[in-house]
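Keep the structure open as you read.

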Amino acid sequence: MVVDGINRIGILTAGGDCPGLNAVIRAVAKTALRKYDLEIMGIEDGFLGLIQNRMKPLDNESVSNILTLGGTILGTNNKIAPRRYPMEIDGKTEFRDVTDRCLEYIASNKLDALVVIGGDGSMAIASDFIRLGINCIGVPKTIDNDLYGTDVTFGFATAVSVATDALDRVHTTAASHHRVMVVEVMGRNAGWIALHAGIASGSDIILIPEIPFDIDIVCDCVESRSRRGRAFSIVCVAEGARYKGGKQVVARVDPTSPDPIRLGGIGQKVAEDIETRTEIETRPITLGHVQRGGTPVAADRVLATEFGNKAIEILMEGERSRLVVMKGRTVTHIPLEEAENKQRLVPLVHPLIQAGRNVGTCFGD
Ligand code: F6P
């Protein structure tokens, strides 16, 4: 059965970009245009474009040839929320709730539903709109893989592949120079990227936020490898990892952003400590936004296409306010509001942690 009353939909990409966004836009637009003859409006720069009424019609031509393209053709923004829109008032920045303005533009552009491609912050904004009667369908995006309700987000596989490639490359130079190399990867408060890239690259030490580490144990591991003739070690550290009893290292604070903390710098600290304590030359590397850019790997293109297609299919089946998710090997959907402001961290009993321990990986505990 195809539901009545859905003729024109808006689509936006919000939050940090990640590989596969364009593949979702393509799948949403092509399914909407080709199968259901809907109109589709691309909203620019995430919720900022909705606040500023910046949107344009998407046709087959505008979404052709973008499957493999990194970034997002619509643009994005990870600082703006309609409930907290910064305005210059008497020379000062003040925050105003401009949700009503968004509702007016949704109505004046005759949008019957919104497809929101984003992470936890974007789903919190979408939840606000749902409570005000707007039908939002969420598609989970983030390299961090930390969105509640789905086993996997698109973008994660590409980030893991980029980080693994970097760790592999660092491995050979570390071995040649008999050094320790500390590679800091992204992931916010979750250790998914570090855990997967660390295991895939055979890193000797993996440090994740979910397991606060003891630097003595980390240094013991490096030294014991050295005693066994392994004069180099590879440490894969998540940006959110922290010393036992310590705090996460903050790289910058952006007070205009709804999520103002940007993590970063733990790799440098760990490298300094390892070098001081073991007297083995140690170099830190931060991968940063390299993990978010460029062409999505095949698995992310497939997932993004499945997610985008599902978003339109469930909309046309009459579903309202759902989040498309992957459970096991099935693409399904849950109430979108369930994912609002929740993070999915690595469980301490995760089989990959156990597998790592079994093959001799040190987690610093
Ligand atoms: O959520 C994706 C992510 O890349 C995190 O891994 C990282 O902590 C953050 O975004 C960086 O944000 P920004 O692009 O604002 O520096």
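The count of disulfides comes to zero. Bear in mind that this is a predicted model. The points below cover the cysteines, then the ligand, then the rings.

**Cysteines**
- C102 takes part in no disulfide. Its nearest cysteine sulfur belongs to C136 and lies 11 Å away. A disulfide needs the two sulfur atoms within 2.5 Å.
- C102 is buried, and its relative accessible area is 0%.
- C236 is in no disulfide either. Here the nearest cysteine sulfur is that of C362, 13 Å away.
- C236 is buried too, with a relative accessible area of 0%.

**Ligand site**
- Which residues surround the ligand? They are N78, I143, D144, M186, G187, R188, E239, R262, H289 and R292.
- D144 places a polar side-chain atom 2.6 Å from an oxygen atom of the ligand.
- R292 has a polar side-chain atom 2.8 Å from a ligand oxygen atom.
- For H289, an N or O atom of the side chain is 2.9 Å from an oxygen atom of the ligand.
- On its own, the ligand has 400 Å² of accessible area, and the protein covers 80% of that.

**Aromatic pairs**
- The model holds two aromatic pairs.
- F47 and F129 form a stacked pair. Their centres are 6.1 Å apart, with 20 degrees between the planes. Planes under 30 degrees apart count as stacked.
- F47 sits in helix α2 (residues 47-51) and F129 in helix α4 (residues 120-131), so this pair ties together parts that are 82 residues apart in sequence.
- Are F47 and F129 buried or exposed? Both are buried.
- F213 and Y243 form a tilted pair, at 4.6 Å centre to centre and 45 degrees between the planes.
- F213 lies in the loop between β9 (205-207) and α7 (215-227). Y243 lies in the loop between β10 (233-238) and β11 (250-253). The pair links distant parts of the chain, 30 residues apart.
- F213 and Y243 are buried.

**Charges over rings**
- R225 lies over the face of F232, 5.1 Å from the ring centre.
- K342 lies over the face of Y148, at 4.5 Å from the ring centre.

Key
Residues are numbered from 1 along each chain as its sequence is written. This is a predicted model: local features need pLDDT of at least 70, side-chain atom pairs count only at pLDDT 80 or more; totals for chains, interfaces and linings use all residues. Side-chain values use heavy atoms; hydrogens and water are left out. Rings of Phe, Tyr and Trp (its six-membered ring) pair if their centres lie within 6.5 Å; planes under 30 degrees apart count as stacked, over 60 as edge-to-face and the rest as tilted. Helices (H or I, at least four residues) and strands (E, at least two) are DSSP runs, numbered from the N terminus. Buried means under 20% relative accessible area, exposed over 50%, partly exposed in between (1.4 Å probe, protein chains only). A charge sits over a ring if NZ of Lys or CZ of Arg is within 6 Å of the ring centre and within 35 degrees of the ring normal. A residue is near a molecule or strand if one of its heavy atoms lies within 4 Å of it. A polar contact is a pair of N or O atoms within 3.5 Å; within protein, one must be able to donate a hydrogen and the other to accept it, and residues adjacent in sequence count only if both atoms are side-chain atoms. Accessible areas come from the Shrake-Rupley method with a 1.4 Å probe; for residues, only the protein chains shown count as cover.
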